[in-house]
Structure formats: structure tokens, C-alpha cells
Amino acid sequence: MFSHFEEETIFNAVLLFTWLTFVWETYLSLRQRHVALTSKTVPDKLVGVMEQETFEKARAYHLDKSTFGLIHSVYGQIESTLILCFGGFPACWNLSAFFLTRLNFPQGEIIQSLVFLVLAMIFSSVTSLPWSLYSTFVIEERHGFNKQTLGFFFKDTAKQFVVTIAIALPVTAALILIIQAGGTYFFIYAWLFTLVVSLVMITVYADYIAPLFDKFTPLPDGELRTRIEELAQSINFPLKKLFVVEGSKRSSHSNAYFYGFFNNKRIVLFDTLLEDYTPDNKQIQEENQTGENTSTETQEGEVKKEVEEKGKDEEVTGEKSKKKTKKGCNNDEVLAVLSHELGHWYLNHVLKQLVLSQVNLLLCLMVFAVLMKETVLYSAFGFDTQPTLIGLIIIFQFIFAPYNEILSFIVTHITRKFEFQADAFARKMKQAELLRSALIKLNEDNLSFPLSDWLYSAWHFSHPPLLDRLKALEEPQSRDKKTQ
């Protein structure tokens, strides 16, 4: 038997590290918030890149998200601390056994683990719901990004819960069975199983699950489709399908990605990325047309001084309306964005990230195979038995926490490096100026705050800040001009 001191030492060490992590993350967030609070005008290095009005909107959006994030993180830390200190995990485990008994369901560790998982997911969904509602219908709504109705939101949330349960339960059951029946080298079988599941999910999710939430339609024949196919062919990218996803019914944020195995690649473009597709441009076009009509009407006569003054005001309104620009990227800029995305494929970034994640998972499972036998880890968290699922949660979530933090920082650094390399690939494709234009447009459309604290950026940004990317795109061109 392990002493009470050993159990307390393990528990307190875990709890202390969660608070150290919370304090560190809060410190970084406050540093970033300070940058936004003290930057009230467009800095000199952003002149010509962002207008003052857009800068102010991005700053306001960033500060709103920052305030929300800080409050949410405090709540989350208190909630997780209370769950640990008051035995939330063993209580949920015992409750799952109680439900099985009352409902006369078969007893067993696997079935109890699945009930435990469902109860934990219900608790997480309920406690996170108010935060999701506020984020969507207050913050995103306030800054013009939310496109969802309340009914759509709840329908989408329920659908996500059902799909997650449908996937998580059989995968969890199979993983527990493999760990229990796999013998000494179960970690190899468990790793192979998770590898197969992750690879299958890449295709299954895109082809069968994602369409449950968003409408995917083939990009119609035309100039854009032809040019994308030509771009893919120029680097031997095995493009098989090209879709536009109706992301605008959920949000006006934009994106693009590709997926698929071997010679069966698909490219997906958000309608909010495309200048000719995003619904926001219809409203802008109508406002511009209204502005032009108003401006014309004000030129029809000078009857009275009062009417003249009113006409001048309306003329200014019309001019401001005409200044509104379309959202999204034009065809040339879309090609530049895709040059960046295809650069990830050409440079094998996806494969490298997959290998890194799988090597890490195998090593973690090997360590888990040793630690899962240590009963003190279970007793430290209030368990008098050693359920496999509980062992996975304790070891991967809490015992590995310091390692996970370090690994996360390393992966962020690698991913950021890959982003620079993909930009460099687009530059070699003669797309530097168009990619620069697209990045500026997307930054404005998404109201991304362009300034960042260096430490916050280094720890959190898997994608380089806008100014760093623009600088990297410009410097090689400057050197080329000097050598000509």
C-alpha cells in the first residue's frame, strides 16, 4: 500500500501545475491585451496596409475576445479545481455504475466506461453552453460575424453531440478492449488502432460527417475552376474534386483547405473566401448603388440653402458608401492563397506533422503501459480500482501535462516554420504580390488584430503574425531587384 503522503504529493503536484499553467497563460494574455489597449492608431509600419477605421474595428473585436477569454479561463480553472478537489471523477464513475444498476444493464468495465464518457460529455456540453451562446450571439454578433439563428445554433449543437457520441463510444470501447487483451505489447496494437482510426476519419469526416453540418457543392465550371485545375496540374497535385462550402450560414470568417489520401485529393473553398460568392458582397453592392443614387439626386437643384446642406450631407454619405469594398478575394488572390495551401502538400508538411504526432503517440503509449500499473496514481485521485479509461485520463491529461506543454510549444514553432515555407513556395510560384494582397484582405475581413506581443506570439501563434508574413514575402523580392 502507498502512503497517504505519496497520494497527496501526486495530487498536489498535478493541482499545482494546472495553476502554474493558468497563471502563465493569463500572464501571456495580459501582455497581448496590453498591446491592444495601448495601440489606438495605425502604427507607421501598417500605414498603407490597414485603414484607421478597420484598425479600430479589429482592435475592438480583439479586446472583446480578450475580455471574454480571460473571464472564461478563470471560470474554467475554478471549475477544474473544484472537480479535482471534490472528487468529480470518482463521483461520475460511481454514478455511471448506479445508472447501470438501476436500469438493469449488463455490468462490466467497458460498458461502465462508456456511460462515464456520456455523463462527462453531457456535463461538459451543459457547462460550456452559456459561454458558446455568449461568444456567438454577443461577441460575434456585435462585430458582424455571426450568421446563425438561435434555432440553427441549438440544432447544430445537438447534431455535433450526437455525432461525437456515435464516434467516441465504439472507438473508446475498442481501445479499452485492445489495452485489456493486448498483453505485454498492447501499446503497439493500441497505436496501430489509433493510427487507422485517425486516417479513416480524415476521409470519413470530410465525405460523410462535414456535409451533415454544411452544404458542399462542386465549384462550377468557369475561369476560377480552370485556373485552379491548371495550378494543381503545374505541380502534379492529384486534384480530383473541387468544392465550395456554404460557411456563410454560420459565420463570415473565411478559410480554404485540402484533404484526401494519395492520388485522391480534394480542395474545399469557403464561400466567404470568394469575392463572387460571399453573400456579404450583395449587401455592399446594394449600399454602393444606394449611395450612387443618393449622390445623383443631390445634384438636381439648389432650391433652398437648407436643401443644399442636406444634399451635401447625402453626397458625403454616398461617397462613403462607394468606398466600401467587397469582401473576400478575387480570382487572382484565390490562386495565390491556394498556392500557399498546395505548398504544404508539395513540401510534405502534412506527412511530417502526421509522422511527428504518431511517433509522439507511440512513445506516450509506451510510457502509459508502465504507469498504468501504478495504483497510487488512481488512489491519488480518489479511485480504489484501476479502470483503463480512468488511467488514460489521469496519465494523458494530468501526469503528461508538463510534457504536453513543452510539446505544444515545439509543435507551434514547427507549424509556424511550415507557414513561412508555404509562403516561400507561393513566392516561387510568382504569387508573392497577390498573396500579400490576399493576406491583407483576409486580415481585414476577419478583423484580425495585426499587432502582437512577441512572447504571446511565440507561445500561441502557429500562424505567423500578418506583418511577419508580409515582411518575409517582400524581402526576397528586394534582394532580387538588387541583383538584377
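Guide: Four strands form an open sheet in the order β1-β2-β4-β3, with mixed pairing. Strands are DSSP runs of E, at least two residues long, and helices are runs of H or I, at least four, numbered from the N terminus. This is a predicted model, where local features need pLDDT of at least 70. Residues are numbered from 1 along each chain.

Visitor: Why do β1 and β3 stand at the edges?

Guide: β1 (216–218) and β3 (256–259) each have a single partner strand, so one side of each lacks a neighbour in the sheet. From one strand to the next, the twist averages 30°.

Visitor: How do you know that β3 pairs with β4?

Guide: Pairing takes at least two DSSP bridges between two strands. Four bridges join β3 to β4 (residues 265–270), and the two run antiparallel. So β3 and β4 count as paired. A256 stands opposite L269 in β4.

Visitor: What makes α10 oblique to α14?

Guide: Helix α10 (residues 331–346) and helix α14 (residues 401–428) pack at an angle of about 120°, their axes 8 Å apart. Angles under 35 degrees count as roughly parallel, over 145 as roughly antiparallel, 65 to 115 as roughly perpendicular, and the rest as oblique. Therefore α10 is oblique to α14.

Visitor: Which residues of α10 and α14 make the contact?

Guide: Contact means heavy atoms within 4.5 Å. Among the residues involved are L342 and Y346 of α10, and F418 and F425 of α14.

Methods
Predicted model: local features only at pLDDT ≥ 70, side-chain atom pairs only at ≥ 80, totals over all residues. Heavy atoms only, no water. Axes fitted to C-alpha atoms, helices over the stretch in contact; angles between N-to-C directions.
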